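This report covers a helix pair, a sheet and a chain contact. The model is a predicted one.

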Amino acid sequence: MSSAMFDLILQATLDTLYMVAVSGVIATLLGLPLGVMLYVTRPRQILAMPVLNPVLGIITNIGRSIPFIILMVAIIPFTRMLVGTSIGINAASVPLTIAAIPFVARLIEGALNEISPGLIESAQSMGATPWQIITKVLIPEARGGIITGLTITLVTLVSYSAMAGAVGGGGLGDLGIRYGYNRFKPPSMLITVVILVVLVQGFQSLGDYLVRKSDRK
Amino acid sequence: MIELSNVSKTYGSGDSAVHALQNVNLTIPKGTIHGVIGLSGAGKSTLIRCVNLLERPTSGSVLVDGQEMTGLRRRELNHARHRIGMIFQHFNLLTTRTVFDNVALPLELMGEKRSAIKNRVLPLLEMVGLADKAKQYPAQLSGGQKQRVAIARALASKPNVLLCDEATSALDPQTTSSILELLRDINHQLGITILLITHEMEVVKSICHRVSLISDGKLVEDAEVGDFFTAPATQLGRDFLIDFLQLSPPKELLERLEESPSEHTHPVVRLTFSGDAVSTPLISRLARECSVDVSILQAKVESIQDRTLGLMIAELLGSHEQTQQAMSYLEAHQLQVEVLGHVQRNV
């Protein structure tokens, strides 16, 4: 492999990691509160809101049902407004984040759903406020499930970021398409795929390790 | 200390309405242990949750420590709840917190400083006998130890009232009695008023001062424990007692029982006696004075607090007049006589 090719691959890998990291972090910061809201505003929950809850649910579902490749193109004006361009890794991070927020939210909601209602009830009997229940009971107790959910999100973002290559997003997917597919260089394609596999494996192992470490059951 | 007046709780409305509690009146004086016993679905859980407003009564008043709970704002209610500890059937400990941090939780919620928390938690763990487990996680503890942690946690905020929601129902008999002993000590040493709900007569017998019987959302009996065990006022109360004493006629006899007497039958009776009647040789007197022979099928004597309770199932052998006379004789001597049926004479 030429050193030029090596540099290209290295750069593409860093680009992919950048997109996954930026969108992963922002989507977690926005998706976690949304997931908690989806849970605590349910009927008979600590902040039951019969109107808001279904509205949030519908918005989340819409976000999750739009195919990523369509979302990417559809929000180009929004992306341009936000980062000033519609190509490159910063531009690709915008749809990645938007797609990941409802994804994260549903996974967080699912993790919270695993908590025994008795724990919430006992916290209420101690005079805990809803905010205290969220920060001292719900999130700590759902820790393992939340980490699992974030791991799934990162893995999904790796494969979505490869898709972003299709519209000139940069990263490993972009490299694979331009060199491997358009110029028909199977080795380049193969190397990209191998790196993607390694990345996914790495995230999954890290996630599993953190879940094991946090598990007290 | 706790006073429920006309408390009702209805779920749903119209035809599908479920009346979980109907006009419940209950007064629990300071420092006493009060048990509420009933079958599952009778409304026990709803009743105990109405005290700290985990369930809000549809109507009625709930006074705890002289404070009307139903009128409190959210903030005031949280403050009031600091004065009411609660423990649960399934312990409800946080799995991601150590024993120490579980007991510290109510204090954290009240905004106590770390040093104050430490000074409060360690003696509590000492009291429930788990000082050496402070750094362990609930998953490493047995059921009885988990309930001890839950008790320490419930006491952390120095409550005046402790609510026990089927606190021993998930524990084996031996662990149950050690937890009950702990609750009795707490009541004794700290003067905390305890309201507990249970379906186990054993629990009522070993620690309660007073007991209420709940059925279909209504309190149908309210009595001193000694009175309840020696002379329950309702059929449900008697059923609980008989079940508790495991005293029912042998199956073989049940199959032969006939409802109404005839010429060739004699009665099978269940006798309940308490107080002086226990120590009087009534059966031999019965044989002498009424010329009736008594065949004892089952008998049991239980001591409940300072009372003694005897139960017996027996066949009375004699003519119709003789057995009638015998039953009146027994009733005259403060025995409760219940005719279970009649069996054919063995020829």
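## Helix pair in chain A

α9(A) and α10(A) cross with left-handed sense. α9 spans residues 172-182 of chain A, and α10 spans residues 186-214 of chain A. Their axes come within 7 Å and cross at roughly 160°. The cut-off for roughly antiparallel is over 145 degrees, so α9(A) counts as roughly antiparallel to α10(A).

Which residues make the contact? From α9(A) come L172(A), L175(A), G176(A), Y179(A), G180(A) and Y181(A). α10(A) contributes P186(A), S188(A), M189(A), T192(A), I195(A) and L196(A). By class, the residues of this contact are 8 nonpolar and 4 polar, with no charged residues.

## Sheet in chain B

Chain B holds an open sheet of 4 strands. The order is β2-β1-β4-β5, with antiparallel pairing. Strands of a sheet pair through backbone hydrogen bonds.

Which strands lie at the edges? They are β2 (18-28) and β5 (67-68) of chain B, and each pairs on one side only. β4 of chain B covers residues 59-64. Strand β4 pairs with β5(B) in the antiparallel sense, over 2 bridges. V64(B) has Q67(B) of β5(B) as its bridge partner.

## Contact between the chains

How many residues does each chain put into the contact? Chain A gives 18 residues and chain B gives 19 residues. On the chain B side, α2 (74-82) and α3 (99-109) each supply at least two residues. That side of chain B has 9 nonpolar, 8 polar and 2 charged residues.

Note on methods:
Residues numbered from 1 in each chain as written. Chains lettered and ligands numbered in written order. Predicted model: local features only at pLDDT ≥ 70, side-chain atom pairs only at ≥ 80, totals over all residues. Contact = placed C-beta atoms within 7 Å. Nonpolar A, V, L, I, M, F, W, Y, C, P; charged D, E, K, R; others polar. Pairing = 2+ DSSP bridges. Axes fitted to C-alpha atoms, helices over the stretch in contact; angles between N-to-C directions. Parallel < 35°, antiparallel > 145°, perpendicular 65-115°, else oblique. Left-handed = near helix turned anticlockwise from the far one by under 90°.
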